[in-house]
Each structure stands twice: as structure tokens, then as C-alpha cells.
Amino acid sequence: MFQIIPAFAVPFAEVDLPDCEALNTELAALFLSREAEGARYANPHPSMQITRQMFESAFEVFAWSEPCVQRLREFCWAALSRLIAQLNGYKGEEMERLRIYSHTWFHVTRRGGFFGLHNHPMASWSGVYCVSGGQDDGTHEESGKLHFLNPNQLANMFVDAGNSHVRPPYNMRGRSYRLRPGQLVLFPSWVNHEVLPFFGEGERITVAFNCWFDFGEQTGAGEPGMAIEAVPPGDGARP
């Protein structure tokens, strides 16, 4: 028997929100209006340098009461709960006990904006939802892409004819997404990723979140900007 085995794998999930146009229109209008208020909704303590072509909000978006935000929150948490249940083998009883802790924010990116390479070491799962992709002008192939580095960083320490043309998923290439409106990407928080410079008109608008979990053992109010809630017990990503 001869068999090639993908011995080490990194789980990603991709989910599309159907009929998202009306919701995204509401979200875009809300985010742009709050961006216009400047410091009131901006992240007061960004962990990385934010370019002037990008606005980053404070980490409390899913705590907002606006119906459009709450509909997006329900969609994201349902997709995330499905991912967690399947990967961990959790049954309904365990999912009912699971609590989610989260930071959630939005980005508005205009021409030339980008976000440098980073990960989120104090969370287990992260996600990015696309509200608007902007109008890419077609001059740069990588414009505005959400790019993930391949975590097998030592695999290219020696490259020759025996491994220089290995096909995916076994090669050293990263994974890139030119996000489309309504698309949600879920990924382990430890994976290094970046947003490449955007070349286009209008606004590229995304909502991002970091999450960590327990079965109800933690106590206390938590840190500012952190939402604590029960994870939806269902196994499907509801629209």
C-alpha cells in the first residue's frame, strides 16, 4: 500500500451569509457614521501602528444594540459554535454549558491602507466577516487580500528539485482571501496573518473578532470591552 497522508493540518472554516445585501448596507452605514465621530468609537489603545488610511474601532462592536449588529453576531456565533462542536466532538449538553468571551471590532480601509503581520495569542478562535470589499482597481493582484502565512516555517530550510514544486496543501505557500461581501472566515487565533495594501476606490469594511471559551468556571466581570455570553447550542450557521 502507498498512501500520502496530510499528517498536520490547520482547520479553517468559510461560511457565506445568504441574502446579505440589505444587512451589509445597514452595517456599512452604521460603521461609516461611527468612524466619522472619530475618537468616540476608535480603538484607544491599538496594539499595532494603524495607518491613516485605516480606521479601527474599539473592541466592543457585538455589544452594540443595533439590530443589524445583533443579526451579524448571531450568524458569526452560530458558525463558530458549529466549528467548535465538530472539531472537539462536543454534544448538545456540552455546547449548552460553553461560554464565549470576545473582542469584536470593525475596520474601514481606504486606498493604501493595510494591517501588518500579527496573530492573537490570547484567544483560541478568530474570524473576519466582509461587509464591503471596496472597488478594487485591478492594478495589484494582492490588493486588499487577507493573507495567512503557512505555519510550517521550517519546511523551506532546504529547497531543491525534490520539493520545489510540491502541490498544495503540502507546499509552503500561504493562503489568501480576496473577501467578498457576506463571507466569513474562521481560523485558529495563533495563525499569523495580515491585510495587504488595498488599491481601489470606496471602503473595504470588515468585522473581526477574537474569542476564548470555558464551561462556566471563570468568575468576575472580565476586562473592559470583553463580551461574555453563552454560545448558541445549535449545530448550524443560521442566516
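## Basis of the model

This is a predicted model, in which local features need pLDDT of at least 70 and side-chain atom pairs count only at pLDDT 80 or more, while totals for chains, interfaces and linings use all residues. Residues are numbered from 1 along each chain as its sequence is written, and side-chain values use heavy atoms, with hydrogens and water left out.

## Overall architecture

The protein contains 3 helices and 11 strands, which are DSSP runs numbered from the N terminus (helices H or I, at least four residues; strands E, at least two). Along the sequence they follow the pattern β-α-β-α-α-β-β-β-β-β-β-β-β-β. The C-alpha trace spans about 55 × 50 × 35 Å along its principal axes. For 239 residues a compact globule would have a radius of gyration near 18 Å, and the value of 19 Å for the protein agrees with this; the radius is taken over C-alpha atoms, and the globule rule is 2.2 Å times the number of residues to the power 0.38.

Of the 239 residues, 44% are buried, where buried means under 20% relative accessible area, exposed over 50% and partly exposed in between (1.4 Å probe, protein chains only). Among contacts with a separation of 6 or more, 87% are between residues 24 or more positions apart, a contact being heavy atoms within 4.5 Å.

Helix 2 has 22 residues and reaches 31 Å from its first C-alpha to its last, close to the 32 Å expected. After helix 2 comes Gly-89, whose phi is positive, near 70°.

## Nonpolar cores

The largest nonpolar core has 40 residues, and those with the most contacts inside it are Leu-27, Phe-31, Phe-62, Leu-80, Tyr-129, Leu-184 and Phe-209; such a core is a set of buried Ala, Val, Leu, Ile, Met, Phe, Trp, Tyr and Cys residues joined through side-chain atoms within 4.5 Å. At least two residues of this core come from each of strand 1 (13-16), helix 1, helix 2, strand 3, strand 5, strand 8 (183-188) and strand 10, and helix 2 gives the largest share, 11 residues. A second, separate core of 14 residues includes Met-54, Val-128, Leu-146 and Val-195.

Beyond its neighbours within four places in sequence, Phe-31 is in contact with Val-61, Trp-64, Phe-106, Val-131, Ile-205 and Val-207. Leu-179, in the loop between strand 7 (175-177) and strand 8, is buried with a relative accessible area of 9%. With neighbours within four places again set aside, Leu-179 is in contact with Val-128, Cys-130, Gly-133, Leu-146, Val-185, Arg-204 and Thr-206.

## Aromatic pairs

The whole structure holds 16 aromatic pairs. One of them, Tyr-90 with Phe-215, is edge-to-face, at 5.5 Å centre to centre and 70° between the planes. This pair links distant parts of the chain, 125 residues apart, with Tyr-90 in the loop between helix 2 and helix 3 (92-97) and Phe-215 in the loop between strand 10 and strand 11 (227-230). Tyr-90 is partly exposed at 24% relative accessible area, and Phe-215 is partly exposed at 25%.

Tyr-101 and Trp-212 form a stacked pair, at 6.3 Å centre to centre and 15° between the planes, which links strand 3 to strand 10 across 111 residues. Tyr-101 counts as buried at 2% relative accessibility, and Trp-212 is buried at 17%.

Key. Phe/Tyr/Trp six-rings, centres within 6.5 Å; stacked < 30°, edge-to-face > 60°. Expected span 1.5 Å × (residues − 1).
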